[in-house]
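Please look through the structure below with the following paragraphs at hand.

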Amino acid sequence: MRVVTWNLWWRFGPWAERQKAILAVLSELRPDVVGLQEVWADRRTGENLAEWLAAELDLHCAWAPSPAPERWRHRIADDSVDIGNAVLSRWPVTDRATLRLPAPPDLDDGRQALYARVEPPGGAPIPFFTTHLTSPLHASAVRVQQVRALAEFVAERRAGTPFPPVVTGDFNAWPDSDEIRVLAGIRTAPAVPGQVFFDAWEYAVQGTAGSTWTPENPYVHPGLGPGGRIDYIHVGGPAGPDGEGTVRGVRRAGHGPVDGVWPSDHAAVVADLHG
């Protein structure tokens with residue numbers, strides 16, 4: 001199963017041109033399940049980026065608009081555009097749920113997690129999640145609270161299938177941060193007792209940076225730091241005793257222009273999971 005996670009940078013920058021570049025990258029990747037963040041939907045025209053991508057790629061779509069998009073709309077001076085998360089899947093989505101992530105009032109801009117239960121024909125159902133955590137550099141403590149809520153949300157929905165939960169998203173946090181360690185539950189106590197996750201990138205390509213947010217991208221403001229790997233595909237553990245058959249091959253995609261247009265301010269992460 002090929003999994004992709006990607007933050008699409010909402011309606012910022014040359015969004016119409018970027019829309020075509022996003023499609024080109026995903027068309028080349030041919031994913032089975034995709035977790036998307038900062039997806040736009042225009043209430044005036046009825047257009048929805050996730051639904052458009054799903055139609056072009058012949059995928060199923062689950063879309064969850066933010067419950068509090070006002071601060072986002074203020075940034076582009078357009079109160080008709082929604083922002084949210086989405087899951088695209090080659091197989092039907094038979095159940096879905098959302099979780100609004102906790103945040104103090106001064107940082108609450110409607111971040112959430114989306115769950116989609118994906119049903120491949122003849123295979124075990126896949127509990128799939130995508131999320132977008134609070135972004136300010138100083139908000140690690142808030143992201144820890146959000147990760148704890150996310151972990152409980154996953155624990156409530158992972159039962160009834162032998163397939164491990166897959167948790168994707170833009171965590172706005174470096175791999176050694178408190179929030180990532182709490183979610184993984186391997187280098188510190190897990191948020192939910194007994195529930196651990198493997199970072200697909202570290203599992204398959206240890207020792208490489210794999211930055212998904214970097215000033216090399218012209219959309220990234222150079223004052224926001226040196227960049228790093230802040231987008232993740234996490235797979236519930238434990239893995240097999242020989243370390244094989246769980247994650248094979250992880251890489252970045254969309255990290256560069258397509259016909260002269262950078263698709264997003266983030267690179268996508270692609271992982272091939274094997275049972």
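Predicted model: local features only at pLDDT ≥ 70, side-chain atom pairs only at ≥ 80, totals over all residues.

The crossing of α1 with α2 is right-handed.

The residues that meet can be found on each helix. From α1 come Gln 19, Ile 22, Leu 23, Leu 26 and Ser 27, and from α2 come Leu 49, Trp 52, Leu 53, Glu 56 and Leu 57. Sorted by class, this contact between α1 and α2 consists of 7 nonpolar, 2 polar and 1 charged residues.

Next comes the loop between α3 and β4, which holds Ala 77 and also Asp 78. Here α3 spans residues 70-76 and β4 spans residues 81-89. Ala 77 counts as exposed because its relative accessibility is 73%, whereas Asp 78 counts as buried because its value is 17%. The side chain of Asp 78 makes a polar contact of 2.6 Å with the side chain of Ser 80. Apart from neighbours within four places in sequence, Asp 78 is in contact with Arg 44 and Arg 73.

The backbone of Ala 77 deserves a look as well. Most residues other than glycine have a negative phi. Ala 77 is not a glycine, yet its phi is positive, at about 55 degrees. Asn 172 also has a positive phi, near 50 degrees, and is likewise a residue other than glycine. Asn 172 sits in the loop between β8 (166-170) and α5 (178-184). With a relative accessible area of 12%, Asn 172 is buried.

The last stop is Gly 254, in the loop that runs between β11 (247-253) and β12 (268-273). Is Gly 254 buried or exposed? Its relative accessibility is 13%, so Gly 254 counts as buried. Once neighbours within four places in sequence are set aside, Gly 254 is in contact with Trp 6, Val 25, Pro 263, His 266 and Ala 267. Along the chain, Gly 254 and Asn 217 are 37 residues apart, and their C-alpha atoms are separated by 10 Å.

Definitions and conventions
Residues numbered from 1 in each chain as written. Heavy atoms only, no water. Helix = DSSP H or I, 4+ residues; strand = E, 2+ residues; numbered from the N terminus. Buried < 20%, exposed > 50% of the residue type's maximum accessible area, 1.4 Å probe, protein only. Polar contact = N/O pair within 3.5 Å; in protein donor to acceptor, adjacent residues only side chain to side chain. Contact = heavy atoms within 4.5 Å. Left-handed = near helix turned anticlockwise from the far one by under 90°. Nonpolar A, V, L, I, M, F, W, Y, C, P; charged D, E, K, R; others polar.
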